[in-house]
Amino acid sequence: MNEIEAFDAVRRSLKKRRFEHTERVVEEGEKLANRFNVNVEKVRLAAILHDYAKYRPVEEMRNTIINAGLEERLLDFGDEILHAFVGAYYLEHELKVADRDVLSAVKYHTTGRANMTGIEKVVFLADYIEPGRNFPGIEEVREIAKLDLDQACFMALKNTIGFLVKKGQPVYPETFEAYNYYSNDLKRRK
Ligand code: DGI
Ligand code: FE
Ligand code: FE
């Protein structure tokens with residue numbers, strides 16, 4: 001799958017506003033990849049594809065999780081996380097994307113996970129800080145993202161968990177594991 005094919009696939013799957021978000025994640029991802037010595041081609045491809053499943057009907061995604069044997073606990077943490085995990089599955093099986101690095105970056109772009117690869121971190125963070133986003137505390141994350149990839153990911157995780165907790169929503173366990181991992185990792189570095 002090259003970039004042209006990937007852009008064609010998502011142009012067809014996404015609404016205009018979401019496609020424009022995707023273009024900004026690609027741009028932001030490229031900047032972060034260059035800054036932190038991460039593979040730019042893989043980051044760009046993962047960023048193009050990251051929200052591929054965003055507009056699939058929730059019922060379809062839930063069925064896919066059951067029928068394809070994906071982790072069933074995914075069903076218990078809100079519909080927002082499904083497009084990431086099911087998206088990686090669809091990319092592999094519908095579009096025949098074979099690159100594991102690209103697939104894992106799509107899979108973890110919403111929740112993060114402990115000990116992320118460089119590509120995973122860059123896509124996770126680019127999705128969070130792209131210029132169209134306006135979350136509380138985002139400017140601080142954008143500033144840190146100029147200097148420290150792990151710390152910026154930690155701040156994004158912390159903000160997202162805070163946001164979910166405030167709304168009383170469930171938090172996917174791997175998001176907590178990611179938060180704990182980077183919290184300890186950053187302390188160890190000091
Ligand atoms: O798809 P995007 O809108 O570009 O961004 P995204 O894939 O980061 O999805 C953001 C949504 O996902 C937002 O509503 C918060 C939610 N979310 C992120 N991490 C978790 C989560 N929801 C749950 N339940 N658990 C998480 O760990
Ligand atoms: Fe997403
Ligand atoms: Fe996104």
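Colleague: Which residues in α1 and α3 meet?

Modeller: From α1 you have E3, A6, F7 and V10, and they meet R44, L45, I48 and L49 in α3. By contact I mean heavy atoms within 4.5 Å, and the helices are DSSP runs (H or I, at least four residues), numbered from the N terminus.

Colleague: How many of the residues in that contact are nonpolar, polar or charged?

Modeller: Six nonpolar, no polar and two charged. Nonpolar covers Ala, Val, Leu, Ile, Met, Phe, Trp, Tyr, Cys and Pro, charged is Asp, Glu, Lys and Arg, and the others, Gly among them, go down as polar.

Colleague: Before we go on, what are we looking at here?

Modeller: It's a predicted model, where local features need pLDDT of at least 70 and side-chain atom pairs count only at pLDDT 80 or more, while totals for chains, interfaces and linings use all residues. Residues are numbered from 1 along each chain as its sequence is written, chains are lettered from A and ligands numbered from 1 in the order in which they are written, and side-chain values use heavy atoms, with hydrogens and water left out.

Colleague: OK. At what angle do α1 and α3 cross?

Modeller: Roughly 15°, with the axes of α1 (residues 3–13) and α3 coming within 9 Å. Axes are lines fitted to C-alpha atoms, for helices over the stretch in contact, and angles run from 0 to 180 degrees between N-to-C directions. So α1 and α3 are roughly parallel; the cut-offs are under 35 degrees for roughly parallel, over 145 for roughly antiparallel, 65 to 115 for roughly perpendicular, and oblique for the rest.

Colleague: And is the crossing of α1 and α3 left-handed or right-handed?

Modeller: Left-handed. That's when the near helix is turned anticlockwise from the far one by less than a right angle; clockwise is right-handed.

Colleague: What about α3 and α6?

Modeller: α3 and α6 (residues 100–107) pack at about 45°, axes 9 Å apart, so that pair is oblique. The crossing of α3 and α6 is right-handed. K42, L45, A46 and L49 in α3 meet D101, V102, A105 and V106 in α6, and by class that contact has six nonpolar, no polar and two charged residues.

Colleague: Switching to the metals. Which residues hold the iron ion (ligand 3)?

Modeller: H21 (NE2), H50 (NE2), D51 (OD) and D127 (OD), at 2.2 to 2.3 Å. Donors are N, O and S atoms within 2.8 Å of the metal (3.2 Å for Na, K and Ca), and water is not among the atoms, so sites may look incomplete. Along the chain the spacing is H-x28-H-D-x75-D.

Colleague: Where do D51 and D127 lie?

Modeller: D51 is in the loop between α3 (40–49) and α4 (58–67), D127 in α7 (residues 118–129), so the pair ties together parts 76 residues apart in sequence. D51 is buried at 2% relative accessible area, and D127 is buried too at 8%. Buried means under 20%, exposed over 50%, partly exposed in between (1.4 Å probe, protein chains only).

Colleague: What are the protein donors of the iron ion (ligand 2)?

Modeller: D51 (OD), H83 (NE2) and H109 (NE2), lying 2.1 Å from it, spaced D-x31-H-x25-H in sequence. D51 coordinates both irons, which are 3.5 Å apart.

Colleague: Last one: where does T22 sit, and what is it in contact with?

Modeller: T22 is in α2 (residues 16–35) and buried at 0%. Leaving aside neighbours within four places in sequence, T22 is in contact with L14, A47, I48 and H50.

Note on methods. Helix = DSSP H or I, 4+ residues; strand = E, 2+ residues; numbered from the N terminus.
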